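Try each task before you read its solution.

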Amino acid sequence: MWRKTTLLALLLIRKRRRLGLSSLVCTVHGTSKKNIPLGVTRSKRLAGALFLLRKKMRAVEDHEKLKKTRRWWVRPVFADHDTNGAWATLIPMMRDTDPDLFYNFMRMTPQAFDKLLALIQPLIQKFSWRKPIAPGERLAITLRYLASGDSQTSLSYLFRVSSQAISKIVAEVTSAIWNVLKRRVFRDLTEDLWLRSAAEFQVMWNIPHCLGAIDGKQVYIKAFPHCGSRYYGYKKRHCLTFMAVSNAKHQFLIVESGASGKRSDANIFYRSAFFSKLTHRKLNIPPPCPVSGLNNDLPFFFIGDNAYPLSENFAVPFKGNNLKDEEMVYNYRLSRARRIVENAFGVMCSRFRIFFRPIEGSPALVRSVIMCCLALHNFHLQDEESIPPSRRRYSPEKYADYVKEDGKLIEGRWRNERPASERSLFRDLVSMVSKQADPRAAVKGVELREMLLRYFILKSVPWQWKKAHLIL
């Protein structure tokens, strides 16, 4: 019997060696000591090896049966995307006849689209023996994905491109946009940049020496596989959190993305590169300088909510309900300027509707999408051509004065923007900072808040007592 078993095993070994079963050959010849005890007879040993061979053969055969035969190289519905896809039909028509509709579709004008394409084309250009998808179409697919929030399957029907190709295109193009634009739309953190930001805050929002408003934003995601509750936040949803600092004109100065949604804003802040640079004084923050109405020099600072620490360079509101009148005014004036960063988040999410639904993809893809949208937000704000005529920056909705139906005159936002005053104040700040003899004079957070409280009372705005609910 053992001769028949040996012969059958050898025949099976020779026949199935190409299937990756060579690891079991040593078992047939009795050299394996790992799976078969030494006390077993030779025939039983060969019978066990034969059983293992047959089991492996059945697994391989079952796997081959499950393999689907490729019906076609390209699906017929995708084969004519060069002639019937949106890139060949819909988009050229909107570009030539209706620029406003093109803007709504892409979230940018044709001129801005061409400018962005010229910047990233070397990074997204493909070369192949088959005709590759054009760089312009790759950019259009990505922008539509960000602007609409549609699924990749839905976009595949619109552009006549497979969803597998779209997933790769979105990952590559969003990464390319971030890598190219981050050097153009995020400026170096120099003293000159901080002084300009402080001048804008003082002119537009009546708060001196404010460098920027900081806050975190949660982005909902579809749960990543094998991550459990790692990204499950307090809002009972899976999310990623990014942190940003905005100037007075809704432009982001500092961004950090990729933190787990389970972590709080304070935890993210303390572990961020921004906090490390702030602690080691590598942000080039100007030294304290005089302010009209205050006896002591006022340091330059950021503003945030109570999740952030009260320190020399951070101003946060008073906590509690039983506050004094002056403290309530202080909270109103601080929150009035702090809402700028929340408005910046709102503008970006309204422009890119991808944030209105849970983003589906890997952690790397979600982070790439977030950083790409942050860069495009600044790109739109800094480039006048990216805004259609009806939404130009010099005259958007409610920018100029307008009259309501009851005849009441409403002042436009242009009254808050005074470039001449900003330039004058910027020059004054530069002059005062250059005269400081002790640039590192430390000020405690409590002292900073007391100085701001006195400033808000001395330099009050007419409506602050009403807005703080202290008078009717």
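Here are two exercises, each with a worked solution.

A quick word on ground rules: this is a predicted model, where local features need pLDDT of at least 70, side-chain atom pairs count only at pLDDT 80 or more, and totals for chains, interfaces and linings use all residues. Residues are numbered from 1 along each chain as its sequence is written, and side-chain values use heavy atoms, with hydrogens and water left out.

**Exercise 1.** Work out how Phe274 and Phe302 are arranged as an aromatic pair.

*Step 1.* Rings of Phe, Tyr and Trp (its six-membered ring) pair if their centres lie within 6.5 Å; planes under 30 degrees apart are stacked, over 60 edge-to-face, and the rest tilted.

*Step 2.* A search of the whole structure turns up 19 aromatic pairs. For Phe274 and Phe302, the centres are 5.3 Å apart and the planes make 85°, so the pair is edge-to-face.

*Step 3.* Check burial (buried is under 20% relative accessible area, exposed over 50%, partly exposed in between; 1.4 Å probe, protein chains only). Both Phe274 and Phe302 are buried.

**Exercise 2.** Find which strands β2 joins by bridges.

*Step 1.* Strands are DSSP runs (E, at least two residues), numbered from the N terminus, and two of them pair if DSSP finds at least two bridges between them.

*Step 2.* Eight bridges join β1 (residues 210-220) to β2, running antiparallel; Tyr220 has Cys239 as its bridge partner.

*Step 3.* Another six join β2 to β3 (residues 252-260), also antiparallel, with Val245 partnered by Ile254.

Technical notes
Helix = DSSP H or I, 4+ residues; strand = E, 2+ residues; numbered from the N terminus.
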